[in-house]
Amino acid sequence: MQTAIINARIFDGHTVLGATTVLLDGPLIAAVGGQTPADVEVIDAAGATLLPGLIDAHVHTNAASLALALRFGVTTELEMQGTNTRPNRAGITDDDTVADVRSAGFGITPPGGHPSELFPPGFRPGPPGGSTPPPVMPFSTTPEEAAAFIPRLVETGSDYIKFMVDDGSIEGHPGLPMLDQATLDAGVAAAKRHGMLTVAHALTRDATRMSIGAGIGGLVHLFMDGPHTDEIIARIAASGAFVVPCVVVNASLMGITGAALADDPRVAARLPEDWMATLRSCFGRYPQGRIGDVLASVKALHDAGVDILVGTDASFPLPFLGGLAHGASVHHELQYLVQAGLRPVEALRAATSTPARRFGLTDRGRIAAGLRADLLLVDGDPTTTITDTLNTRAVWRRGNRLHQ
Ligand SMILES: [Zn+2]
């Protein structure tokens with residue numbers, strides 16, 4: 001049975017269309033615009049806006065978190081360190097009650113390097129458990145080691161290659177073991193030889209320059225150790241790299257909790273208690289940071305033509321990783337991007353068509369015939385009022401409507 005969504009305002013991932021009808025056929029979008037055929041289920045979306053399912057371009061996730069994300073209209077999460085590599089996600093790929101996922105596998109970092117400093121003494125970050133065989137842990141201190149790990153990560157199903165470039169200064173652990181330039185250069189070059197997209201964790205301007213210097217494909221954080229300069233914006237723009245600012249995690253590192261978002265009844269109604277407590281908490285490791293600097297850097301990158309992608313760094317419901325929650329924080333990040341000076345339509349592109357294009361997800365991120373029917377229907381008009389993205393009326397993953 002086909003489904004026709006009629007009378008909708010349609011944001012197709014790039015712009016608001018003149019058409020108001022979308023026809024779904026099984027897992028795919030069959031048509032946009034045109035006549036509504038007879039004998040189809042009709043959903044009258046008057047007063048609502050239909051969007052491509054949202055994409056969170058920076059998470060650490062599992063099945064429960066993917067289910068939470070989907071409730072907020074996030075139909076794809078891109079994992080930036082974790083176990084959801086290709087051989088480990090068959091159940092997720094075919095389960096339309098959870099968001100879909102892609103994963104870097106584990107990131108290249110020296111022994112004892114980031115993210116080990118995030119966990120309290122004695123805390124054992126959870127298992128790579130469950131996955132068989134165990135994930136490749138690509139600890140590298142030399143160019144040869146980093147290059148040698150690339151084919152192993154490719155073979156074990158990483159969708160892209162992540163590099164940690166972090167001296168611990170933002171997380172309150174200065175002097176943390178960190179990749180040197182030669183090791184980073186060699187790893188990125190090897191990944192490119194294997195045709196892989198590369199991404200870097202970099203929270204400072206120096207780490208950003210190192211990553212851009214190595215030829216990184218994307219930065220999955222935005223530096224937060226001070227204001228931008230014209231020089232660093234120009235270097236990022238000239239490189240063609242995209243940026244996933246994750247303003248929400250920078251804010252959390254500065255001590256800004258997600259309490260304001262948690263107070264929104266549209267959020268509270270969908271979050272279980274452990275995630276509410278996590279959202280109301282924060283990392284709180286870099287109180288000297290200034291959120292105004294981060295927002296100004298986002299605007300400068302956008303104005304320089306750099307692709308901005310929505311990401312959150314949402315991970316696990318632990319207070320020391322707080323200020324974030326799967327799904328909910330995507331909407332918070334959209335609000336931050338608009339606060340930074342992007343138009344609502346530009347912010348929405350950053351959560352739909354732009355991440356799909358930059359991560360090679362050619363089957364999603366837009367509303368067009370032949371693409372996956374990953375869709376979010378919200379009351380109101382988020383193309384003018386960004387907070388309307390939280391007015392969820394319906395979510396579809398591969399044409400299956402989520403019951404919530
Ligand atoms: Zn992360």
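Biologist: What covers the buried residues of helix 5?

Modeller: Among the elements that cover them are helix 4 (181–193), strand 11 (198–201), strand 12 (218–219) and helix 6 (230–239). Contact here means heavy atoms within 4.5 Å. The model is predicted: local features need pLDDT of at least 70 and side-chain atom pairs pLDDT 80 or more, while totals for chains, interfaces and linings use all residues. Numbering starts from 1 along each chain as its sequence is written, and side-chain values use heavy atoms, without hydrogens and water.

Biologist: Which residues of helix 5 are buried, and what makes a run a helix?

Modeller: In helix 5 (residues 205–214) they are Ala207, Thr208, Met210, Ser211, Ile212 and Ala214. Helices are DSSP runs of H or I with at least four residues, strands are runs of E with at least two, and both are numbered from the N terminus. Gly215 follows helix 5, with a positive phi near 90°.

Biologist: Why is His58 called buried?

Modeller: Its relative accessible area is 1%. Buried means under 20%, exposed over 50% and partly exposed in between (1.4 Å probe, protein chains only), so His58 qualifies. His60, at 13%, is therefore buried too.

Biologist: What makes His58, His60 and Asp313 donors of the zinc ion?

Modeller: NE2 of His58, NE2 of His60 and OD of Asp313 lie 2.1 Å from the zinc ion. Donors are N, O and S atoms within 2.8 Å of the metal (3.2 Å for Na, K and Ca), so these atoms count. Water is not among the atoms, so sites may look incomplete. Along the chain the spacing is H-x1-H-x252-D.

Biologist: How do you know that strand 7 pairs with strand 8?

Modeller: Strand 7 and strand 8 (residues 74–79) are joined by 4 bridges and run parallel. Pairing requires at least two bridges found by DSSP, so the two strands pair. Leu54 is opposite Val74 of strand 8. The open sheet has 3 strands in the order 7-8-9, paired in parallel. Strand 7 (54–59) and strand 9 (100–103) are its edges, each pairing on one side only.

Biologist: What lines the second largest pocket, and why is it called a pocket?

Modeller: Its lining has 18 residues, with Asp307, Arg349, Ser353, Thr354 and Arg357 nearest the centre. Helix 14 gives the most, 4 residues. On a 1 Å grid over the protein atoms alone, a pocket is an open set of points with protein on both sides within 12 Å along at least five of seven lines, whereas a cavity is a set where a 1.4 Å probe fits but cannot get out; lining residues have an atom within 4 Å of a point.
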